[in-house]
Amino acid sequence: MSDAQNIELANAKQEYTITVYTENQIGILNRIAIIFSRRKINIESLNVSPSEIEHIHRFNILITETEEVLRKLAKQIEKQIDVLKVYYNTNDDIIWQELALYKVPTDVVAEKVFVERLLRENGARVVVIRKDYTVFETTGHRSETDKLIEVLQPYGLIEFVRSARVAIIKDSEGFNSKLREFERLEPGQEVIENEFLDKEKDVFTM
Amino acid sequence: METVQEEATTLAQPKKTTTVSGAVALLEGLIAEGTEVIFGYPGGAIMPIYDAIYDYKEKLNHILVRHEQCAAHAAQGFARSSGKVGVVFATSGPGATNLVTGIADAQIDSTPLVCITAQVFATLLGTDAFQETDIINISAPVTKWSYQVTDASEIPAALAKAFYIARSGRPGPVLIDITKNAQIQLFEYEGYTPCNHIRSYRPKPIVRNEYIEQAAALINSAKKPFILFGQGVILGAAEQEFKAFVEKSGIPAAWTILGAGAIPTDHPLNVGMLGMHGNYGPNVQTNSCDVMIAVGMRFDDRVTGRLDKYAKQAKVVHLDIDPAEIDKNVKADVPVWGDCKETLPLLTNLITERKHDSWLAEFKAFEKIEEEELIRKELEPQTGELTMGEVINQLNLLTKGEAIIVSDVGQHQMIACRYGKLNTSRLSVTSGGLGTMGFGLPAAIGAKLGAPNRTVVAVIGDGGFQMTLQELGTIMQFGVDVKILILNNQFLGMVRQWQDLFNEKRYSFVDITSPDFVKLADSYSIAGRKVTEREKIVEGLQEMLNHPGSFLLEVMVGKEDNVFPMVPQGSSVSEIRFK
């Protein structure tokens, strides 16, 4: 690719998924959120949940911006004391899913829809069947979850909810080894481990 | 010394604990961290801490300020003159919100502060209780870290983390909010353990040798290299390392407003100040150098002017401890991540000893033009109204570059920074990034307490002085020896200058009247004098400097003098103008 093309690509806005590993501390969500709002950047979707490592949370943040902005944002987020590591990836670099739930009236669905075909075609499954309503669930990309809304809309979709994007980075080696590195790194010769730091659960609770 | 055997028995025993209140644990922790001075103001929620400090008067010097904002500024002044962490106490609600300006100032100027705010009882959190405010979230954008303590047992660890974070890496303000119940609560205190490692926080990036090598190669092959230095040199206590680097490389070096004094102002390779009101040579040469070496500075817009016309011809080497600063405003060709105290000696080792005589001569030529066209008129006017510059010039002659000059914000600040003579580091204290009017007087109080053996001169305008003049009360009560030099032009001068230059002299609300400052000082039992004639300047300054204790000297200067040179906003640094 020519330099001009590269520059163009770096200046083009596109979807980026930011993955942030943080300590499980009250207030870190706000500290991360204001990094975006301060620059008037809209967060399109946000997922925060415990990671595979105890006490460490994983954020998935979806925004549409240029790579240059992403690079700066990532550094600002990583600068937060309670943030361990930040990655940002384009859609090509990740496997991602969103989960959606659809509530529809049971009688209409039972009467008018070939439920089995509908589930099969949309990769959906039934979570709950009650006399008054039925809840379907599907996972997929935005377009896929959107499609089922269209299908169900005519049958009186009562309620719909979609989760934030969760994403796995294709070529990541996982965070466990990285974390061990953080715990080992730095402290100078005269390490006086703060006795409370390893027991943060015991001390830093509210 | 204990014997090995004794040590072994000590280790085998369970830790000794004492039952103390959260407030006492806080004070013990502050003492363990070497705190000498606390700037604070009491109130309802912080009363348990103030009750405890009543018994610690011998060990902790608490300075009662007259407004919490000034507690923060005073702590900044203390931190800047001493190199230590400034400590602030404020109560909940308005006490805490009043700190915010000072905290924001400390954040943008990388000043280490530990701010302790009190909070309502934990059970009342979120109920809009009396004097409850969500200071953790209000302060989040302007603190390096913050934490709310709701249980006394958290205090030692939270405080240890706070000090470690405030002073390590790129320093900054931290805030600990302690609920009233946690201050009162008794708990088993095991003593204080300082913190020096947090797994999610790496204060300094690891130095990468390939970048040091690349930087050295660029510097060695450069024909017109140019060094820009900022406060990073001072914060990293790397003045000696920096001087060695500058002298071996023979490269002309210019400073940002906060980098002033990192090498002496009269060092032969110190070519002056950068930026909007900086010197002619450094601004113009920015756009003719071939290699730019930025050390511990962040390319603020007041330094760079228009970015797309800033040093485009130059290869940029950027040394910084904060990875987020590299490539933020100016793209670095060689990013030298790390603490400059470590990276500078590595770089100095690899560079060849050189002299850049003809390149340096270019700077001298620009200096001569600026001197003739501008500086002489400013510093040695023979007729006409008094100038701010001549007052600073006379001050320099008397203090010989050994005094701490604290400045407020505005025209006088630019003059004080441009012309102030500084023989060593930590002699200039000013509000650089935030530009907080009212900073000067309280910061001077802190600066004096941080460096008691230095003369501290607070250079302040008539506008800024009126923002925090209540601190005359603090000066009076605690006998702080601060020399207050008010340069009175009867205007909010910098805004008036912009209205003059860019708004067709539409002087909109910049005409400010003042009280009789000398009488005001007198009512605080502070001696004072007003100077309106050229012949009396030296005498007035001498009286101020020789006076035992604080003194207020007001000098009436030209009403409509402008500060030049100037890089107008939106212009390139090479479009610097003299009028």
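**Domains, sheet and cores**

Chain A is divided into domain 1 (3-94) and domain 2 (95-162), with bounds that come from an automatic or database domain assignment. The centres of domain 1 and domain 2 of chain A, taken over C-alpha atoms, are 31 Å apart.

A word on conventions. This is a predicted model, in which local features need pLDDT of at least 70 and side-chain atom pairs count only at pLDDT 80 or more, while totals for chains, interfaces and linings use all residues. Residues are numbered from 1 along each chain as its sequence is written, and chains are lettered from A and ligands numbered from 1 in the order in which they are written.

Of its 206 residues, 23% are buried. Here, buried requires 20 or more other C-beta atoms within 10 Å of the residue's own, exposed 12 or fewer, and partly exposed lies in between, with C-beta atoms placed from the backbone.

Let me turn to the sheet in chain A. Four strands form an open, antiparallel sheet in the order E2-E3-E1-E4, where pairing requires at least two DSSP bridges between two strands. Strand E2 (45-50) and strand E4 (83-90) of chain A are the edges, each pairing on one side only. On average, neighbouring strands of this sheet are turned by 15 degrees against each other, direction ignored. Strand E1 (residues 14-23) of chain A pairs with E4(A) over 7 bridges in the antiparallel sense, and A:Tyr16 has A:Thr90 in E4(A) as its bridge partner.

Which strands does helix H3 (residues 67-78) of chain A touch? Helix H3 packs on the sheet against E1, E3 and E4 of chain A, and its direction makes about 165 degrees with that of E4(A). Such angles run from 0 to 180 degrees between N-to-C directions, the axes being lines fitted to C-alpha atoms, for helices over the stretch in contact. Helix H2 (residues 28-37) of chain A lies across E1, E2 and strand E3 (56-65) of chain A, at about 150 degrees to E1(A).

Next, the cores. The largest nonpolar core has 186 residues, and among the members that touch the most others are B:Leu113, B:Met292 and B:Ala458. Such a core is a set of buried Ala, Val, Leu, Ile, Met, Phe, Trp, Tyr and Cys residues joined through C-beta atoms within 7 Å. Its largest share, 10 residues, comes from helix H7 (residues 155-167) of chain B. A second, separate core of 19 residues includes A:Ile18, A:Ile63, A:Leu73 and A:Ile77.

In chain B, all 11 of the 11 residues of helix H18 (residues 440-450) are buried, including B:Lys448. By contrast, B:Gly250, in the loop between helix H11 (239-249) and strand E10 (253-255) of chain B, counts as partly exposed because it has 18 C-beta neighbours inside 10 Å.

Finally, confidence. Chain B has a mean pLDDT of 96, with 98% of its residues at 70 or more; pLDDT is the predictor's confidence in each residue, from 0 to 100. Over residues 1-10 of chain B, however, pLDDT stays under 50. Where pLDDT is low, the predicted coordinates should not be read in detail. For the complex, the predictor gives an ipTM of 0.93 and a pTM of 0.93.

Definitions and conventions
Helix = DSSP H or I, 4+ residues; strand = E, 2+ residues; numbered from the N terminus. Contact = placed C-beta atoms within 7 Å.
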